[in-house]
Amino acid sequence: MSPGGAGCPAGLLRAVGWLLLAGLASSWGTNVTAFQDPGVGGPEGEGDGENENGGEEDAENFLGGAENAPQAAEAEEDSEVSNSTAIKEVEFGMCTVTCGVGIREVILTNGCPGGESKCIVRVEECHGPVDCGWGKPISESLESITLACVYTSPVNRFKYVWKLLRPDQQPIVLANDSAILEVQRETHPLAFECDTFDNNEIVASIKFTVYTTNELQMKRSRQPDTDAVLVFVLTIGVIICIFVIFVLIFIIINWAAVKAFWGPRASTTEMHSELSSMRYKDSTSLDQSPAEIPGHEDDALSEWNE
């Protein structure tokens, strides 16, 4: 077989390989230089060497991209896992209110600066039941009383509706639309209600009772009596506790004298108990029936006769 015939198949295989490399290189946006078939014309020289070097570089780039693709995918998966883990490691503090609208802390339990175990990330709004029942005024005097709606800062964020409640009738909506309402006391008690709205949705409702001046005076006059009784009971309890403590301290310090004082009495008590037990035994022995005694005598006579 001639040398030229052996070179043709090798040249064809090399040409097909360069075509494949050229297609891959074009897909990656690279330029491939033209090549020359060594079996058709010209000896294998510098052009073949340059083409081979370019093809090897393209192949290396392609393989490097293929190897980096799984690493990038793994990095994205790791970032997603870390994000989900960070979400799970967030805790929420207690809400500042049991009804209406309040605030709570968002606490991070991992990744805090300075190596701290927990740190506050932010403060957010929290909600409870809308109905807050009957509230207490901010301040009151014999002439007037100051009431406040349920809200959080900023106060102008919410809308407030004050109503005067009437038994068996529709409430009267007042013109005041602020969070604070000052009311003058009248000759009969009054009831007010404040509704707090956020985006036209009610988030809190609280009621207040405004007593008359006489009712307030009577309420204040009863309170000192209760306070006096409470103070008296607490004082007596403290005195009794102090007395018991002093008695225990005295017994511990003078234990020898206490033991010497109670020793003879204890021995006398033991003697009396022993005498009473002996008397009880004697009485039980005397209380035996007479029928039992002849039985014992017959047994003794029978034994002597034998």
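## Salt bridges across the chain

How many salt bridges does a search of the whole structure find? The search finds 8. Keep in mind as you read that this is a predicted model.

Let's begin with Lys 118 and Glu 91, which form a salt bridge with their closest N and O atoms 3.5 Å apart. Lys 118 sits in the loop between strand 2 (101–108) and strand 3 (119–127), while Glu 91 belongs to strand 1 (residues 90–92), so this pair ties together parts that are 27 residues apart in sequence. Lys 118 is partly exposed, at 47% relative accessibility. Glu 91 is also partly exposed, with a relative accessible area of 36%.

Next come Glu 124 and Arg 104, another salt bridge, where the closest N and O atoms are 2.9 Å apart. Glu 124 is in strand 3 and Arg 104 in strand 2, so the two tie together parts that lie 20 residues apart in sequence. Arg 104 has 27% relative accessibility and counts as partly exposed.

Asp 131 and Lys 207 also meet through their side chains in a salt bridge, at 3.9 Å from N to O. This pair links distant parts of the chain, with Asp 131 in strand 4 (residues 131–134) and Lys 207 in strand 11 (residues 201–210), 76 residues apart. At 53% relative accessibility, Asp 131 counts as exposed, because the cut-off for that word is over 50%. Some salt bridges share partners, and in this way Arg 104, Arg 122 and Glu 124 are joined into one network.

## Lys 163, a charged residue under cover

Is Lys 163 buried or exposed? Lys 163 is buried, because its relative accessible area of 17% falls under the 20% cut-off. You will find Lys 163 in strand 7 (residues 159–165).

What does the side chain of Lys 163 join in a polar contact? Its partner is the side chain of Asp 195, at 2.8 Å. Setting aside neighbours within four places in sequence, Lys 163 is in contact with Pro 171, Ile 172, Val 173, Ala 191, Phe 192, Glu 193 and Asp 195.

## Aromatic pairs

The structure holds 2 aromatic pairs. One of them brings Tyr 151 and Tyr 160 together edge-to-face, with 6.3 Å from centre to centre and 80° between the planes. Tyr 151 is partly exposed at 35% relative accessibility, whereas Tyr 160 is buried at 4%.

In soluble globular proteins, nonpolar side chains tend to be buried together. Here, the largest nonpolar core has 22 residues, and those touching the most other members are Leu 147, Trp 162 and Phe 192. At least two residues of this core come from each of strand 6 (144–148), strand 7, strand 9 (180–184), strand 10 (190–198) and strand 11. Strand 11 gives the most, with 5 residues.

Leaving out neighbours within four places in sequence, its contacts include Leu 147, Trp 162, Leu 164, Leu 181, Val 183, Ile 206 and Phe 208.

Strands of a sheet pair through backbone hydrogen bonds, either parallel or antiparallel.

Strand 6 and strand 9 run antiparallel and are joined by 5 bridges. Among these, Ile 145 has Val 183 in strand 9 as its bridge partner. Strand 5 pairs with strand 6 in the antiparallel sense over 2 bridges, and Ser 139 has Thr 146 in strand 6 as its bridge partner. A hairpin of 3 residues joins strand 5 to strand 6.

How many of the residues of strand 6 are buried? The count is 5 of 5, so strand 6 is mostly covered, buried here being under 20% relative accessible area. Ser 144, Thr 146 and Ala 148 point one way from strand 6, Ile 145 and Leu 147 point the other way, and all are buried.

Terms used
Residues numbered from 1 in each chain as written. Predicted model: local features only at pLDDT ≥ 70, side-chain atom pairs only at ≥ 80, totals over all residues. Heavy atoms only, no water. Salt bridge = Lys/Arg side-chain N within 4 Å of Asp/Glu carboxyl O. Helix = DSSP H or I, 4+ residues; strand = E, 2+ residues; numbered from the N terminus. Buried < 20%, exposed > 50% of the residue type's maximum accessible area, 1.4 Å probe, protein only. Polar contact = N/O pair within 3.5 Å; in protein donor to acceptor, adjacent residues only side chain to side chain. Contact = heavy atoms within 4.5 Å. Phe/Tyr/Trp six-rings, centres within 6.5 Å; stacked < 30°, edge-to-face > 60°. Core = buried A, V, L, I, M, F, W, Y, C linked by side-chain atoms within 4.5 Å. Pairing = 2+ DSSP bridges.
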